[in-house]
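Hi everyone, thanks for making time. Have a look at the structure on the screen, and I'll walk you through a few spots in it.

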Amino acid sequence: MTSQEKHNAAKTVAELEGFHIVVAGSPVPGRRQERARALCLAELVRELHSYGVDRLLMEGRSRTLNERDVATVRGTR
């Protein structure tokens, strides 16, 4: 994301009602992006669990990548 896109995204989230937790990953080499995503997702799940959250909705990706995300969440719980 460009700096402006990051600003706009943060502003949009801030305008939503409720409590927000944001996990942001820094740029990583292309071949390491899925590992970095899994680490961020695992941290997000741990943080949400500490607040008693029991449901996580995420964007859809390809079937294989969706299955990988689900496995990461299950493994973290």
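Let's start with Asp 69, which has 7% relative accessibility and therefore counts as buried; buried means under 20% relative accessible area, exposed over 50%, and partly exposed in between, with a 1.4 Å probe and protein chains only. A word on where this comes from: the model is predicted, so local features need pLDDT of at least 70 and side-chain atom pairs count only at pLDDT 80 or more, while totals for chains, interfaces and linings use all residues. Residues are numbered from 1 along each chain as its sequence is written, and side-chain values use heavy atoms, with hydrogens and water left out.

Back to Asp 69, which sits in helix H3; helices here are DSSP runs of H or I with at least four residues, numbered from the N terminus. What is Asp 69 in contact with, leaving aside its neighbours within four places in sequence? The answer is Arg 37, Leu 41, Met 58 and Arg 61, where contact means heavy atoms within 4.5 Å.

Helix H2 (residues 33–50) and helix H3 (residues 63–76) pack at about 40 degrees, and their axes are 9 Å apart. The axes are lines fitted to C-alpha atoms over the stretch in contact, with angles from 0 to 180 degrees between N-to-C directions. H2 and H3 are therefore oblique to each other: under 35 degrees would be roughly parallel, over 145 roughly antiparallel, 65 to 115 roughly perpendicular, and the rest is oblique. On the H2 side, the residues that meet H3 include Arg 37, Leu 41 and Val 45; on the H3 side, Leu 65, Asp 69 and Val 73 are among them.

Now for the aromatic rings. The count comes to 1 aromatic pair, taking rings of Phe, Tyr and Trp (its six-membered ring) with centres within 6.5 Å. The rings of Phe 19 and Tyr 51 have centres 5.0 Å apart and planes at 50 degrees, so the pair is tilted; under 30 degrees would be stacked and over 60 edge-to-face. Phe 19 is in the loop between helix H1 (3–15) and H2, and Tyr 51 is in the loop between H2 and H3, so the pair ties together parts 32 residues apart in sequence. Phe 19 is exposed at 61% relative accessible area, whereas Tyr 51 is partly exposed at 48%.

Last stop: Ile 21, in the loop between H1 and H2. Not counting residues up to four places away in sequence, Ile 21 touches Leu 44, Glu 47, Leu 48 and Tyr 51.

Terms used:
Helices (H or I, at least four residues) and strands (E, at least two) are DSSP runs, numbered from the N terminus.
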